[in-house]
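Please look over the sequence and the structure shown below before reading on. The paragraphs that follow begin with a single residue and then widen the view.

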Amino acid sequence: MAVMAKKGKKEVPAMSTSSLPDIVFMLLFFFMAATTMREVDPLVQVQMPEAYEITELDKKNLVNIWMGKPLGAKVGEDALKIQLNDQTREVSDIRDFISATTVTKGVGPKDIVVNLRVDEGATVGKLTAVKQELRKAEALNISYAARATGNN
Amino acid sequence: MAKSKKKAGDINSSSMADIAFLLLIFFLVTTTMDVDTGMKRTLPPWIDPTEQQNDVDVNERNVLKVNVSRSGAIMVGTEEYGSNDLRRHGTHSRLSQEVYNFLTHLDRSNKKATEIDGMTYDVSEGLVSLKADDETKYKVYLKVQDELTHAFSLYRDDISFLVYGAKYDELDDIKASNIRKAVPMKISEAEPNDQTKK
C-alpha cells in the first residue's frame, strides 16, 4: 500500500514532443504524394453543377476546356468566355487547340477525352457551339465535368 | 583560442516541427486533391451539312422525345415535367422513372434479342432523343442528362442482374464491357437547327 501511495503522488512527466516533426513530415509526404499541383490558373469562373451519374476521369489523356464568366466580370455582364490552357479564347480556336494538343500528347483526337468544365449558369447554345467544333476536330469523347451531389 | 576548443552545442530541434508544419501548409494550399469527375459522352461524328445525309431509320415507338425549354420546363413525349420532377425521391426522380419505364415496358419500346456472353437476352431498342433550347441553363440541362443516364444505369443493372446475377458496378471489366455493348446509353442529341449561329 505504501508503494501505491508513493506512485500516486509522483508527477506526470511532460510528454515528449521530439516525435512531432516526424509525424508532421509523414503528413507532409502523404499530401505530396496524394495531391497534384494546380496546373493552370483559372481565368473564368466555373461553378460546376451537381450530378449523380459521374465517373472518375483518367488524367492521362484529359484535355480541359473551361467555360464561364471571366474573373472579375461585373454583375449582369454575362459574356461567356472559353479558356483553353491558360488563355481565354474564342470558340473558333478550339479546333487548332485540339490539333495542337494531339501533337504534344502524341495521340489521335479519338484517344483524348475533352473535359468540359462549364459553369452551371452557362447556356446550352454556347455549349452546343463548342461541341460542334469538337465534332469537326474529331474529338468525340467528351465529359461534362460535375461534382457529386451533396459534396462541395 | 579557448573558443575554438569549446564543444559545439546541440542544435535546438524544437523548431523542426514548426518548419515541417510550414511546409505542410504550403503544400496544402498549392495542391489540389480533387479527382476530376464527370459524365462521359460520345459525340456523333461531324456530318458536313452540304453532303447528302441518309438518315438512320428508327422506329418511332422506340424513341422517347425529351425537350427542355428555356425556362426549364421539360416535355417528355406529350407530358409536361417541371424542375421538381428532376429531384430524386429515394433512388428515382419522376423523369428517370419515366425513362426507365419506357425502356423496360414492352408496350413502350421494342425489344431485340441480343447476345451477351454467349446467351441471348431481350434488350430494349429504346433511345432517348434530347433537345434543349439554346437559352436553357446548363444546370438544368445537365440535371436532365443526369436523370436520363440514371434510367439507363438502372436498366443496365437489370440486364446485368439477369445475365451475371450482380449489379453492373460490381462486374469485372470484361463483363462490364459486354453489358455496355449490349445496352448502349442511347441518348441522342438533336442536330442544332441553325449551324451558323454562335
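Which residues does A:Val114 touch, not counting residues up to four places away in sequence? In this model, which is predicted, A:Val114 touches A:Val63, A:Ile65, A:Leu134, A:Ala139, A:Asn141 and A:Ile142, with residues up to four places away in sequence left out of the list.

A:Val114 also belongs to the largest nonpolar core, which has 56 residues, and it is listed there with A:Ile65, A:Met67, A:Leu116, A:Val130, B:Val99 and B:Tyr141 as the residues that touch the most other members. The largest share of this core, 10 residues, is supplied by helix α4 of chain B, which covers residues 138-164. As a general background, nonpolar side chains tend to be buried together in soluble globular proteins.

Of the 152 residues in chain A, 30% are buried. Among the contacts in chain A with a separation of 6 or more, 76% are between residues 24 or more positions apart.

The next step is the meeting of the two chains, where 50 residues of chain A are in contact with 41 residues of chain B. Several elements of chain A give two or more residues to the side that touches chain B, including α2 (20-34), β8 (113-118) and β9 (141-145). The element that gives the most to this side of chain A is α4(A), with 10 residues. Sorted by type, the residues of the side of chain A that touches chain B comprise 29 nonpolar, 11 polar and 10 charged. Strands also take part in the link between the chains, for β4(A) pairs with strand β2 of chain B, residues 37-42, in the antiparallel sense over 2 bridges. Within this pairing, A:Glu56 has B:Thr37 in β2(B) as its bridge partner.

Is B:Lys131 buried or partly exposed? B:Lys131 counts as partly exposed because it has 18 C-beta neighbours inside 10 Å, whereas a buried residue would need 20 or more. Although B:Lys131 and B:Lys65 are 66 residues apart in sequence, they are 7.8 Å apart in space, C-alpha to C-alpha. B:Lys131 touches B:Asn67 and B:Ala190, again not counting residues up to four places away in sequence.

Conventions: Residues are numbered from 1 along each chain as its sequence is written. Chains are lettered from A and ligands numbered from 1 in the order in which they are written. This is a predicted model: local features need pLDDT of at least 70, side-chain atom pairs count only at pLDDT 80 or more; totals for chains, interfaces and linings use all residues. A nonpolar core is a set of buried Ala, Val, Leu, Ile, Met, Phe, Trp, Tyr and Cys residues joined through C-beta atoms within 7 Å. A residue is buried if 20 or more other C-beta atoms lie within 10 Å of its own, exposed if 12 or fewer, and partly exposed in between; C-beta atoms are placed from the backbone. Helices (H or I, at least four residues) and strands (E, at least two) are DSSP runs, numbered from the N terminus. Two residues are in contact if their C-beta atoms, placed from the backbone, lie within 7 Å. Ala, Val, Leu, Ile, Met, Phe, Trp, Tyr, Cys and Pro count as nonpolar, Asp, Glu, Lys and Arg as charged, and the others, Gly among them, as polar. Two strands pair if DSSP finds at least two bridges between them.
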